[in-house]
Amino acid sequence: MVKLTINGIDYEVERDKTVLQVCNDIGIDIPTLCHDERLEPYAACRMCLVEIEGAKNLQTSCSTKVREGMVVHTHNDKVMDARRDVLDLLLSNHPIDCLTCEKSGQCKLQDYAYEYGVREGTYVGEMRNKPIDDSNHFYTYDPDKCILCGLCVRVCDELQNTNAIGFEDRGFGTIVATPFDQGLGNSACVSCGNCVSVCPVGALMPKYDTKFRLWETKKVRTTCSYCGVGCQMDLLVKGDKVVGVEPAFDTFNNGLLCVKGKFGYKFINHGDRLKTPLIKKDGEFVEASWDEAYKLIISKIEDTKAKYGADALAGLSSARCTNEENYMFQKFMRAAIGTNNVDHCARL
Amino acid sequence: MEFKFDMEKNKDKVEEFRVFIDENRDRPGVLMPVLQEAQGKFGFLPEPVLELISQDLRIPLADIYGVATFYSQFTFIPKGEHNISVCLGTACYVKGAEKVLAEIEKVLGIKSGGTTPDLKFSITPTRCIGACGLAPVVNIDDDIHGKLKVEDIKGIIDKYR
Amino acid sequence: MMSQEKLREIKENARPLLDERLKVEDKTEVRDGNIVLKGDYYKKQVRIALRNCEIILPESIEEYIALDGYSALGKMLFEMTPEDVVNTMIESNLRGRGGAGFPAGRKWLEAFKYDADQKYIICNADEGDPGAYMDRSILEGDPHSVLEGMAIAGYAIGANQGFIYVRAEYPLAVKRLQAAIKQAKEYGVLGNNIFGTDFSFDIELRLGAGAFVCGEGTALMESIEGKRGMPRVKIHRTAHRGLWQKPTVINNVETLANIPVIFQRGAKWFRGIGTEKSPGTKVFALVGKVKESGLVEVPMGTSLREIVFDIGGGVADGKAAKAVQTGGPSGGCIPVELFDTPVDFESLAKIGSIMGSGGMVVMDETDCMVDIARFFLEFSVDESCGKCVPCREGTKRMLELLEKITGGNGEEEDIARMESLAVTISTGSLCGLGQTAPNPVTSTLHYFRDEYEAHIRDKTCPAGHCQALLEYYITEDCIGCTKCARSCPVSCISGKVKERHVIDTDACIKCGNCMEVCPVGAVILR
């Protein structure tokens, strides 16, 4: 354990933690734009700067480990001024179009601008001016809104291991890009959308087909139904419509999803989606009740089994079911039907 | 203007380059030396060559592209037959390097960093080359031209035509 | 295999040949038992790091050995433990010559104490400050002193591999180093089992590719590892986790060149030179508007005046000295009133500059200090790696403010704006490049505020440098030929034939046509 003082109060905390982690634990809110607990500290956005007595300059709390006797100030004038100026610098190279920006309401830059009272970027000068990359089927990339926190690049590298995007050029000219301007749609990108999930601003945005503000939605925790992994995610529901998906962080998938989970939700409210069973009568599918459907299935099974024996029947289950459901299914085929003809789509 | 790179026409060079990669692949941190070799051999970094490096060294193309665009020595357009480096260090600057550069741009009709369409000349602005005693200094290939005056420029360039 | 006896033998054979050559060339003399260069320029200098430069042939290991080269390494392998070597370095208090002045011995101690299967020594030869070429001269003129320094450092901390990261802009230095490494291996003073002991040390050259920020230690390591040269997060010390996460000591060229001499003559001798807190000498590249530009090595604590006037002969072309810029883009401008300041780490920091790697650019009355600040900011903007916000965005905005001022559009509040921005950049940036980038602005604002004010309030450039603030003016030399009036695209020149013409400065667009066509040079800028 280590003893230190934060904002005049003494604490005893675990060794090997960073100042940021300790502050999170004890409920002191420190702003961050480039930090993600799943990734190596990056210390680029400089929003988490704190003053540590004895150090010449302000220190980034995300990359400073606690030390015995450390005296930390997280919100004094010097720190607040620096954070405000950092926000001013970021906003001076960022379009102030929150009124129409899709990200409004879930944008960290907007939230901090509000918290720190920075109305606009006050430095007048060159601004980034690059075309929007809309070549990916599922999301768009607007370089002008990018604040170069590097989260997308690092998630793509460290967590997704795809390395589709990287930094191009250096200094003020740095941008996140695909090699040789090939565009995301033509790059190594697998559209997992994990970069989109971590983007703190409106630079990487899903191609929504419904306009919504975050405060109009409620989050519904669910299990992704595409495969048996069971990733947890939150559906963003506006009225009775699913308008977006966010990965859950407090579960084993730890903020990650694949292309299906992240972007494959539009079937839910799709007009072609089946909502009741259909039974073919006189060559045409006709809507039926579940009771009717079950009865028909049972009678067909019984008929077939009586006529041709149990081995005339086979069961195929789905990778979208859980292990338990699949277990149940093979048990049903063997014990209730009496055949070993059972298989699974993932084996194909 | 675009400069296309023909892998077929440069087959021998590409083969030599692959041998270099093969001989050096076990050196840790080999990407920089490999890119330097490519820049030296082809005069610039052609896109197909970077793809080849990516395959041979199993380094993602995005990472290689990031490195290649970070360092000012690497270029994606070929250098001309004669490379004119204009020193823009402090000593040269205070002795009028800006005017010298402007004159060179005027004489060649290209901007700093560019290459003439006939691939004869390139202009490369350069950080201090440590010949401050001779300021302002321009290097053409390996020749140092020091204590330059604007009116000398045209005559000097003409010697390389 | 090399042995101490054999080294002595080589020395005894090589020395007379060296003496003979030097006698014929007649550019050296013997002072206090040392061979030194002749001439007034060198009289006031004390050359330790440059001791062999321009004296020995850099391609010849024998001549290096003739002047006691590799004797320190040979002796210590038999007579000193690595711990002794580290302690001697600490005692000498040799401080890093790359700019920051961190004691080399303390770096060594950290790496020495840290247990690891592999450690590295890096020689930082990425000399990038505009106007500085000390390291290039050492690498080209005396490469073996750097190799010996690295081997000593390797022995001290327990490293068997060294890297020299050298600028690709220094092709001759690269060639000389390659040759020197090859020779040193052939002679058994580098490579496996040096001097027949079980100490092995190899050195590999790595070339930079044009990125100033790679002079920053962790960016340099990233670059050797084959990545973008972006400085690392300072969560671990490089002496514990440096190159490839292994304990690494990184020393600058000049620092390393000092090391063999310290072990030949002892830490006490070294501390007798220079000042108490900054022992030894420092090499400066004295350039700019000085009469005699060149490399100057003087004891720490020598005053700027002595360097600029006594050694450099003062300002060229009969102009008045105005300032000296030290420390490159991380440093500041020191006005002529402070030329009695002794040059050492603390004194320079106190007056708002830094020692830096040793660039010393002399400025005269025609140099505009606002424009000089703009020049250095432009450099920092170009060379910022782009990782952290204050440096990437802040230096750009600072440059834009300076361009606004030198372009004649400065407003009163711009000065305060720059001052507060300077605080954000210097206290909030990730690495040294960003933290020191505002120094050229803060120091000129401090010492030459009146020049900024003249640009902003009076829209004039007192030094007569900033084009946008100058006016075209026709002197009484005018012969009234009317050429200027006819060539003026906006017809703002009036006057009768054979009478002096006048330019209406409000209407003038400063195209310069009039000046070009005037046959008698009567059109001037003022």
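Trainee: How much area do domain 1 of chain C and domain 2 of chain C bury between them?

Mentor: Buried area is the accessible area (1.4 Å probe) that two parts lose on being put together, summed over both. Here the two domains bury about 1,400 Å² between them, 58% of it on carbon and sulfur atoms. C:Arg97, C:Tyr133 and C:Met134 supply 35% of the area that domain 1 of chain C buries against domain 2 of chain C, more than any other three residues. Please note that this is a predicted model, in which local features need pLDDT of at least 70 and side-chain atom pairs count only at pLDDT 80 or more, while totals for chains, interfaces and linings use all residues. Residues are numbered from 1 along each chain as its sequence is written, chains are lettered from A in the order in which they are written, and side-chain values use heavy atoms, with hydrogens and water left out.

Trainee: How many salt bridges does the rule find across the interface of domain 1 and domain 2 of chain C?

Mentor: A salt bridge pairs a side-chain nitrogen of Lys or Arg with a carboxyl oxygen of Asp or Glu within 4 Å. The rule finds 2 across this interface. C:Lys282 forms a salt bridge with C:Glu254, their closest N and O atoms being 2.6 Å apart.
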